[in-house]
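Here are my notes for your first look at this one. Have the model open beside you as you go through the points.

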Amino acid sequence: MPVSPADHEAYAAEVRRAYADAETAILARIARRVAQGIDADDEHWTERKLAEIRRLRQEVEAELRALGRIAVAAGQAVAEAYEAGAREAQEDLAAAQVEVAQVAWQVTSRAAVETLVAAAVEALQAAHLRILRAAEDIYRQVIYEAARMVVTGVMTRREAAARALADFADRGITGFRDRAGRAWDLASYAEMAVRSATGQAAVQGHVDRLAAAGRDLVIVSDSPEECPLCRPWEGKVLSISGATPRGSRVQLRGRSWTTVAGTLQEAIGAGLFHPNCTHRLGLVVEGLTQPLRGVANPQGYEERQQQRYLERQIRKWKRREAAAITEDERRKARAKVREWQARMREFIDETDRRRLYYREQIGAR
């Protein structure tokens, strides 16, 4: 059957939950440490709180050890996605009665899987170093901001710390960038990294298997809610290796003809199979493959973007609640969570979309 990166995104959702929980737990730890003794008349409060950073580091490292196990499991998920993509290609080949070279395939498979797994694990482990640095930076900045405001007489130490913690809670732990230079928050980055890796592995396993059998042409499916980047590739026939020149004529079912639009790598480089892409890739068998024509769905795409916005607002106020250092602030944050959840319910009722609760959840512990 045709393969899609979206077929293997379930584990990415689990990763998002784990990293969002870790982020919230870290923000809550920072808030608790800042709040301890914050109202005391202590001229050495700043120095004393900064001296506690080693303990904070140990607590954050404990969170990262749990995330380290998730990174290893993510590598296994990537390997499984590759094999699943290969099995789907095998089914396509069997249906087309194509002979396969098993020995050559096994060698190719082993090398490709090792490369993809290593890249996925490395991406998450690099994020762990960023988390540790960010936690220490946030803690220091909150302490310094509280001390500065007290000296200037603008607000109390508690008020200043609360404002600084709220600012950081709004942003979350940030500074994560993908290979294209796009910025992500922690949970979104972890989810994106795993979804991209498993999706790439599934597609790579599929096309590697087809190529090992001497097949070079694949076709891109139509997909709902497609983005402007991948919409131009819907229904296009692509060359896996580039051996089939662009513009080569290809006969499809019903005496329909099309031309090769370019290589698979060109399409991927232009945006096809980006994170969250739901397009599929199928084997082309000349004279048998059904011709496809993409149908634009800009309204669905805009609705999906609106849903992502509402999810971000719900998560933002849940982080605010975790970082609050007074009961009044926690009550206000909880009220905002309920407000944005109500907006989400209205949106779901109006659009009849499926609500993705896992994208709203943080701080389950």
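1. Helices (H or I, at least four residues) and strands (E, at least two) are DSSP runs, numbered from the N terminus. Axes are lines fitted to C-alpha atoms, for helices over the stretch in contact, with angles from 0 to 180 degrees between N-to-C directions.

2. What you have here is a predicted model, where local features need pLDDT of at least 70 and side-chain atom pairs count only at pLDDT 80 or more, while totals for chains, interfaces and linings use all residues. Residues are numbered from 1 along each chain as its sequence is written, and side-chain values use heavy atoms, with hydrogens and water left out.

3. Start with α1 and α3: their axes come within 10 Å and cross at roughly 180°. The two helices are therefore roughly antiparallel to each other. In their contact (heavy atoms within 4.5 Å), the α1 side includes Y11, V15, I26 and R33, and the α3 side includes R55, L56, E59 and A77. This contact divides into 15 nonpolar, no polar and five charged residues; Ala, Val, Leu, Ile, Met, Phe, Trp, Tyr, Cys and Pro count as nonpolar, Asp, Glu, Lys and Arg as charged, and the others, Gly among them, as polar.

4. Now look at α1 (residues 10-35) against α5 (residues 157-171), where the axes come within 11 Å and cross at roughly 170°. That makes this pair roughly antiparallel as well. From α1, L27, I30, A31, V34 and A35 meet R158, A161, L165 and A169 of α5. By class, that is eight nonpolar, no polar and one charged residues.

5. R33 also has a salt bridge with E52, with the closest N and O atoms 3.5 Å apart. E52 sits in the loop between α2 (45-50) and α3 (53-95) and R33 in helix α1, so the pair ties together parts that are 19 residues apart in sequence. The model has 28 salt bridges, counting a side-chain nitrogen of Lys or Arg within 4 Å of a carboxyl oxygen of Asp or Glu.

6. Which residues lie nearest the centre of the largest pocket? They are R179, M192, S196, A197 and Q200, out of 39 lining residues. This pocket holds about 1000 Å³ of space, and α6 gives the most to its lining, with 11 residues. (A pocket is an open set of points on a 1 Å grid over the protein atoms alone, where a 1.4 Å probe fits, with protein on both sides within 12 Å along at least five of seven lines; lining residues have an atom within 4 Å of a point.)

7. The second largest pocket has a volume of about 560 Å³. α8 gives the most to its lining, with six residues. By class, the lining has seven nonpolar, four polar and 10 charged residues.

Methods
Angles under 35 degrees count as roughly parallel, over 145 as roughly antiparallel, 65 to 115 as roughly perpendicular and the rest as oblique. Grid points are joined across faces, edges and corners, and a volume is the space filled by probe spheres set on the points.
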